[in-house]
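Me: I am new to this structure and want to know what the labels rest on. Please take my questions one by one.

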Amino acid sequence: LPSYPISVSVILNRITCAGSSLALSFVSRTQTIAVPSTFYFDKLSGLQSSFYVRSTVTGCFNLTISSAGTDVYIAAYHQLYVQNIRTPPKTPILSGATFSADGTKLTISFDSDINSRGLPSSDFNCSLAFRFVGSSFARCVWITNSSISVYSIQASLKLLPNDSVVLHPNVFQASCVPSFDCSTFSFVPRTSVFVSIPNDAISPTVVISAPTFISACDDIYLDARASLGSGGRYWSSVDWTVRNIDDNSFNTSIQQFLNSKTYTADVTALVPRRFFSPSTRYEITLFLRNFLGRQSVSSIRVNVLSANEYIPKVRIHGMFSSDSLSYIALVTFPSCSVYTPSVTSMLPLRFTWKIFQGLTFIPSLKSQSNDPRKFQMSLASLPASLMSYTIQVKVDILTESNVNMITTSDSVTIDILHPTITAIIAGATYRKVRSTDFLTLDGSKSFVNINSSSLLNYYWTCTLLSPEFGSPCDQFVYKRGSVITYPPNSFQSSKLYLITLTVSDSEGNTGTASCRIDFVDYSIPFVSIDSFSSRYISGSNIVLTARIHNNKKNCSAIWSSMNMPTLKQRSLDSISSTPLNRWLSSDISVFQLSLSSVDFVPGPVYTFRLSVSYLLSLTKFGYQDISFVINGPPYGGSLIISPLSGQALLTTFSFDTKNWVDSYSDYPIYFAYYYYVYNRTQSYTVRSMSTFPSTFSVLGQGLRTLGYKVMCVCVVADRYGAENQVNQSVVVTALSGFLSTEMFVNNLMSSALLQHDSTTASVVIASALAFMNGADCSSTSAAYCTKLNREVCSLYGGLCGPCLIGYVGIDGPSNIPCQRAGSLIKIVGNSCQTSKNSPACLTGFCNNGTCADVLKSCPNNCSAAGVCSYFDSNGAAVDSCYVTESFCKASCVCHSNFYGIDCSIAGRNSFQKWLTFRNSSCVNYLKVLQLQDILSSDDIAIQAVIIADL
């Protein structure tokens with residue numbers, strides 16, 4: 001920001017156009033000028049302004065923008081071409097192909113507006129117009145009338161800097177202009193350009209994760225997967241150096257080992273213990289270069305303890321977003337520890353979190369998480385002056401009846417970004433309103449990205465856009481305040497104004513927002529726009545709401561799109577779920593436009609206009625423009641699970657995901673893991689959202705009827721909440737026998753609760769419930785249930801599950817076929833075919849030409865150890881219960897010494913153990929709930945699934 005007021009001047013000088021041999025004739029500077037040619041800025045005025053070029057001659061010009069004042073700024077230069085409006089436009093030239101700053105997409109530019117012949121008007125396969133590496137698997141999206149953005153269909157683009165992009169001939173012409181036969185315009189010839197690197201290409205952010213202290217018998221795991229700036233590709237260069245701090249020598253054996261590995265976009269390495277010497281300190285440095293040629297470096301220090309020292313390792317993993325901190329501490333023991341794994345898993349852990357500013361401990365800042373292993377805090381809780389801080393976790397491990405104690409710790413230092421102010425003017429960005437109405441402008445939704453104790457200041461300014469571009473606004477009163485109101489006739493009609501809000505704080509941070517307002521002198525309805533988002537997540541619903549005040553006169557309101565070429569070859573009418581036109585007569589009417597974001601491609605700015613006018617003067621109308629962008633989710637990633645098969649509760653599965661691509665502005669990317677057996681809505685959490693891409697966990701068993709297959713899901717989200725997911729199935733067989741399962745569950749649960757591991761405890765509970773609730777479905781195959789259009793048998797032996805999505809029929813578990821939704825289904829009493837198994841009947845039973853009811857079934861026919869009986873909603877016995885009756889049920893009444901919902905548990909002792917197992921699971925889950933944090937509706941849904949299974 002300028003410390004003192006400065007002036008900025010714009011000067012144009014004529015030059016010889018490229019490729020022209022004509023000598024320049026004298027041109028007076030007054031014949032080609034910028035309007036306005038001088039601007040004045042200070043720290044409160046904002047740093048943006050506009051001008052236009054007015055000329056009486058055609059040709060090429062060099063534009064120079066320079067400043068004068070106490071502060072010194074580098075001058076800016078730009079070349080432009082001025083064309084006579086009475087001559088047809090020149091044939092556009094393919095001017096360049098440049099990577100975006102983050103390298104995830106490519107922008108192909110022309111020197112002037114273009115029009116395509118025969119191409120889709122929104123997005124299209126790039127091979128239809130261009131040839132480059134991977135063009136057949138790339139999507140081209142119109143960004144402006146002279147630029148096209150290139151995205152990969154599969155993963156990241158395969159193009160490299162200096163690769164060629166070739167334009168096919170006979171594809172593009174100059175954009176059509178009035179008074180010309182545009183079909184006669186020449187096509188842009190076959191042209192090629194080389195792909196260039198932008199000046200603002202991102203540099204890598206190198207992040208290395210490794211323990212600060214390791215035992216002499218430990219391997220060291222180096223993890224740089226949290227590094228950013230690869231553009232979703234492999235690093236073009238990965239180079240390690242390792243220095244012995246004590247004697248300042250380089251350890252060439254470790255360097256050679258690390259640099260001999262082949263790395264992808266994920267840099268990890270396990271360095272064997274044989275390379276390290278006890279009682280030695282090492283500095284490990286990682287150098288990364290991305291495909292854009294940018295490079296960065298970072299270092300960490302690792303201390304190897306003496307041969308007789310054993311210390312557990314604790315590592316902090318987590319995320320630091322724009323509004324919160326979320327970290328978790330993970331503890332592991334060295335392989336040479338005097339404590340065996342069976343012992344360490346039962347050692348109580350005590351976690352203590354602290355925040356420091358420099359070396360000063362701040363006791364008032366505490367974790368807001370219920371889970372002692374986690375540190376969670378809203379950035380709004382931090383003092384405004386605290387811009388850099390250290391989070392430390394200390395773990396006390398109690399041993400030998402809590403007498404002796406091992407202590408280990410880890411810390412992470414976070415630098416809070418400089419406060420950024422986002423200025424927001426509520427309502428439309430472009431408005432046409434009556435000059436005799438009140439004008440209210442609301443900037444109260446403006447905000448700063450982090451907590452700040454300083455008050456925000458609001459300053460409103462005005463610039464004339466038409467007819468005298470850049471001139472000061474006549475009679476405009478410069479105001480302060482978050483909400484301002486101008487009385488009628490404060491602005492002149494037939495003029496277009498640019499009103500700018502500058503929001504600042506006491507620390508000199510500013511943000512600006514503008515809206516264009518066109519004032520007219522005729523009568524039009526008054527329109528106000530409800531709050532809307534400037535960014536919608538792909539797949540979400542978009543509802544734009546306007547309130548129209550028409551003074552009880554009949555008026556017309558019409559929604560339209562201002563940039564239909566960027567829609568997917570569809571008219572606005574075909575993608576809107578609400579009418580586009582309405583005739584209104586009431587005093588105040590609400591008129592909405594409802595759209596689905598799936599009809600839009602991420603990237604371009606979409607603008608929609610609401611036009612209003614009275615019926616007696618339809619040619620005199622007002623309007624409000626609303627603009628937004630679509631935020632696409634990360635894409636291109638994969639899920640790797642190892643091993644692909646194992647036993648419930650015994651096998652530890654590792655989860656890892658990599659190669660996700662997203663715009664750099666959408667970072668950080670978060671990862672969460674879930675698994676389910678047969679129904680996605682009944683998922684269990686493996687790990688909640690974190691920036692760390694990997695984890696490990698035991699899993700619950702699959703269903704025998706599905707070959708014990710379990711579906712694992714990785715959900716990936718960007719900072720705005722746009723989500724994608726990738727799946728991988730694994731086979732998880734059941735433990736053999738009740739006693740072994742009970743033993744493993746109890747041991748794992750005790751360990752998880754002692755170490756405050758609510759995630760593992762939840763997985764163990766889910767595994768136990770899958771075992772306890774698992775039904776004997778050996779007589780009901782998955783293929784049989786699929787033929788009935790039902791889910792597989794799971795909870796009730798011998799019975800298939802509910803109807804599949806898109807099918808209707810008898811609710812709940814049943815072996816009666818379900819019919820496709822919308823088909824003709826006959827109820828009890830309707831006529832039917834003589835076949836006893838007529839699918840046209842809801843009950844699946846046709847008796848003598850009439851649909852008849854059938855009795856409800858019991859699981860596995862009570863295993864021949866009980867009687868299928870019927871009960872009403874109060875539990876009283878009744879003679880019958882048919883499948884069409886909702887207020888009764890069929891249940892097994894077991895013979896003596898048999899128990900369970902299907903009478904399959906033989907012996908009272910077995911049943912008592914089963915009951916004790918279920919009760920202990922219920923008590924343990926209550927303890928787990930006290931450790932868990934509810935962060936989303938998904939967390940509540942998953943808890944509800946487990947509680948229902950209990």
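Me: What makes Cys 785 and Cys 800 a disulfide?

Reply: The model is a predicted one, and in it the sulfur atoms of Cys 785 and Cys 800 are 2.1 Å apart. The cut-off for a disulfide is within 2.5 Å, so the pair of Cys 785 and Cys 800 counts as one. The angle about its S-S bond is -85°, and the link is left-handed.

Me: Why is the pair of Cys 785 and Cys 800 said to tie together parts of the chain?

Reply: Cys 785 belongs to helix α6 (residues 782-787), whereas Cys 800 sits in the loop between α6 and β56 (807-808). The two parts are 15 residues apart in sequence, so the pair ties them together. Both cysteines, Cys 785 and Cys 800, are buried.

Me: How do you know that Cys 803 and Cys 818 form a disulfide?

Reply: Their sulfur atoms, those of Cys 803 and Cys 818, lie 2.0 Å apart. A disulfide needs the two sulfurs within 2.5 Å, so Cys 803 and Cys 818 meet the condition. Here the link is left-handed, with -75° about the S-S bond. Cys 803 lies in the loop between α6 and β56, and Cys 818 in the loop between β56 and β57 (819-820). These are distant parts of the chain, 15 residues apart. Cys 803 and Cys 818 are buried.

Me: What kind of bond is a disulfide?

Reply: A covalent bond that links the sulfur atoms of two cysteines. The structure holds 12 disulfides.

Me: Which residue does a disulfide join to Cys 841, and which parts does the pair tie together?

Reply: Cys 841 is joined to Cys 851, with an S to S distance of 2.0 Å. The link of Cys 841 and Cys 851 is left-handed, at -80° about the S-S bond. Cys 841 is in the loop between β57 and β58 (846-847) and Cys 851 is in strand β59 (residues 850-851), so the pair ties together parts 10 residues apart in sequence.

Me: What makes Cys 922 partly exposed?

Reply: Its relative accessibility is 43%. Buried is under 20% and exposed is over 50%; the value for Cys 922 falls in between, so Cys 922 is partly exposed. Over the chain, buried residues make up 46% of the 950 residues.

How values were computed. Residues numbered from 1 in each chain as written. Predicted model: local features only at pLDDT ≥ 70, side-chain atom pairs only at ≥ 80, totals over all residues. Heavy atoms only, no water. Helix = DSSP H or I, 4+ residues; strand = E, 2+ residues; numbered from the N terminus. Buried < 20%, exposed > 50% of the residue type's maximum accessible area, 1.4 Å probe, protein only.
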